[in-house]
Amino acid sequence: MTSLHRNSLEQAGLGPIHHKVVEGQRLSADEGLQLYACDQLPALGYLANIVRQRFHGDCTYFVRNQHINYTNVCNKFCRFCSFYVKAKDERGYVLSPEQVADRVRQHLHAPITEIHMVGGVNPKLPYSYYLDILRAVKEARPSARLKAFTMIEVAQIQRIAKKPLEEVFADLRAAGLESLPGGGAEVFSDRVQGDLFWTKSDSEEWLRIAAAAHRAGLPSNATMLYGHIENTEEKVYHLCRLREVQDETGGFLAYIPLSFHPERTELEHLPGPSGCLDLKELAVARLMLDNFAHVKTFWIMNTIEVSQVALWYGANDLDGTIMDYEITRKNFKATQQRLTHQELMDRIVEAGRVPVERDSLYNVVTPIAPPVAQVA
Amino acid sequence: MIASIAEKVYSGERLSPEDACRLWAHPDLTELGMLADHVRQRLHPERVVTYNVGRNINYTNVCWVKCDFCAFYRQPGSPEGYVLSQEEIFAKIDELVGFGGEEPKSCEILMQGGLNPRLRLDYYEELLGAIRDRYPMVQLHCLSATEIIYIAHLSRLSLAETVARLRQAGLDSIPGAGAEILDDGVRDIIGFRKDRTEEWLEVHRVAHGLGMRTTATMMYGHVETIEHRLQHLQLLRQLQDQTGGFTAFITWSFQPDHTDLAADPGRWLGRKATGFDHLRTVAIARLFLDNFPHLQASWVTQGPKIAQLSLNYGIDDFGSTMLEENVVSAAGTSHTGQMTLGRMEKLIRDAGYEPCRRDTNYRRVAARPQPEALRKAATA
């Protein structure tokens, strides 16, 4: 097959990889390194877009969701985090199940289909608390899909439950949990872990918990936090390990590279990832993760400007019209935390794509007339 | 399909306006990027992105033209109107020179202002002359076409005479501001008192005829259509064919805050142009303006991330360090505060290029600027 842009692709050193991508062959770790080393971004995007089109055509997914952070108290002290406080800090909070339900009820007038609930690792919280807040969400808004608890939180929940993981997941499911977000993976590297998040689960434990969730019928996402001290080899390893686990379980829905924001963290002296790196992470992931259906650009971290461009660099999901995102709130102006439904749709259409509203599990939400707000 | 256009690009053939029109309708951003990058690599095979040490000085904000897209001007008689004294201007230049060093013509002063009815040719001659005599290291890249037309009008001189006298006084080159969209219909809507399309072009034609170099700009994302943008590029390419006097093209999107245009829903739909649009616009400009040697990034309006990405879409120059900028900042855009020389160099390196300092005429400048001098001045 001849390609119109063969010269450009060859000049970018991507000729052989292009051939494999067109043939649908799996790329090796070495090829992953080559992709990261390529500075000719449009050529990289062109390859990633071949895979994106194969999976999704022009469909670009978004979700209308609400974020709830049930506690900011955390005993992990990750150096890249600006959200946590220590146990005795006066700014620390824990939302009671009733308060969680209140948060949900505050947005009942909005056509939200997903509740995304995560928090710090707070050892004071009993096992019943986690089940109670799941039930509280489900009672307040039974129709919304409930996605909660990173693998790191699950590790803590299991610790306090003193039960096998299988039983813990069965309990969480019975209480309303439907899927897990992919946070807490950071970078699968002992070196990075040793420097930035040594108190947290290591990469194999993260993957073990994710695989157990998948086997228990709970799909999850996967993430990677990039743009701090990690190197390319570590990132390629990260992607390859995710790909292996996905081969075993098939339980990962989406991969989400997370752009590190150094403001107000211990790593404030770092410049943070550039726009080129943001796009490269998405494109390389789309090419390497051939068994992941979805690659998401999380616009709150990538900015909406870069995320819109990313729809041509392998991303097929923009996340959503997010309510109440707090993890990096301190670093942003409030106006950058929200996009209206219309703004999000406009961005997708302008990029020449077709907006498709989804729920947590990538079921298409049939367009219905939004309920009228019960506000005078 | 853009196969025939791609073939033209790869074989170095000129694109027709119809080709550009088809590119604009082509959604695949990566293909536009590959084509534009191909042209950029052909023109500039070195893996280098240049930048310029400079600052804007807005000698007056008094302007009677009242363009609806502008948030910077104050009407004559306004208590907020100002005209900078020579001492104030010298202090700003001292700061720039401390940063940029002593090499002749290596530091760019982009001095522009409103159309202030009190300022005549003698004011400009005196000011330019004083700067030239005092600061041999400064390139005077000053006065938009709009200002020059008005100075000629006030002084009852021909354009050619006016430009020649300004040049005599010390003007080195002319910035491309005020082009907005080169279409009289569009100009009627966004700033009907402003000079006409042909007048803007004539100033540059005259300057080129006198051997001066100028730049060209385009401000998009307000009331214009894609056809208007294409016509704009077409007019620039034609003039460049005739004179060869343009060094660079710079495009940016309308910044709406605090402008009359943004307050009028009858004229503006309320949607600021996106970074996606910017990358497409610069890519098509790079492909169409085959006779322009350089395209500059607009980090002031687009921010560091999109400005860096534009280096993959045909841009070969990061523009000025812009120690000071007031006009776009007045319309709500404040990326100036975030940009330092170190940051700019890092963005360039992260994109896979080596940063290199240049002067206004794109000659390389060996001396690296002295950020320390700037910091000292700021804390003094």
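Visitor: How many residues of domain 1 of chain A are in contact with domain 2 of chain A, and how many of domain 2 are involved?
Guide: The model is a predicted one. In it, 16 residues of domain 1 of chain A are in contact with 19 residues of domain 2 of chain A.

Visitor: Which elements give two or more residues to the domain 1 side?
Guide: They are α3 (29-37) and α4 (41-56) of chain A. The largest share of that side comes from α4(A), with 8 residues.

Visitor: And how do the residues on that side divide by class?
Guide: The domain 1 side that touches domain 2 of chain A has 11 nonpolar, 3 polar and 2 charged residues.

Visitor: Where do the two domains of chain A lie in the numbering?
Guide: Domain 1 covers 6-52 and domain 2 covers 58-357. Taken over C-alpha atoms, the centres of these two domains of chain A are 28 Å apart.

Visitor: Changing topic: how many residues does each chain bring to the contact between A and B?
Guide: Chain A contributes 28 residues and chain B contributes 26 residues.

Visitor: Which elements of chain A give two or more residues there?
Guide: On the side of chain A that touches chain B, these are α1 (6-11), α4, α12 (275-288), α14 (304-310) and α15 (341-350).

Visitor: Which of them gives the most?
Guide: α4(A) does, with 6 residues. The helix α4(A) also gives the largest share of the domain 1 side facing domain 2 of chain A.

Visitor: What classes of residue make up the chain A side?
Guide: The side of chain A that touches chain B comprises 13 nonpolar, 11 polar and 4 charged residues.

Notes
Residues numbered from 1 in each chain as written. Chains lettered and ligands numbered in written order. Predicted model: local features only at pLDDT ≥ 70, side-chain atom pairs only at ≥ 80, totals over all residues. Domains from an automatic or database assignment. Contact = placed C-beta atoms within 7 Å. Helix = DSSP H or I, 4+ residues; strand = E, 2+ residues; numbered from the N terminus. Nonpolar A, V, L, I, M, F, W, Y, C, P; charged D, E, K, R; others polar.
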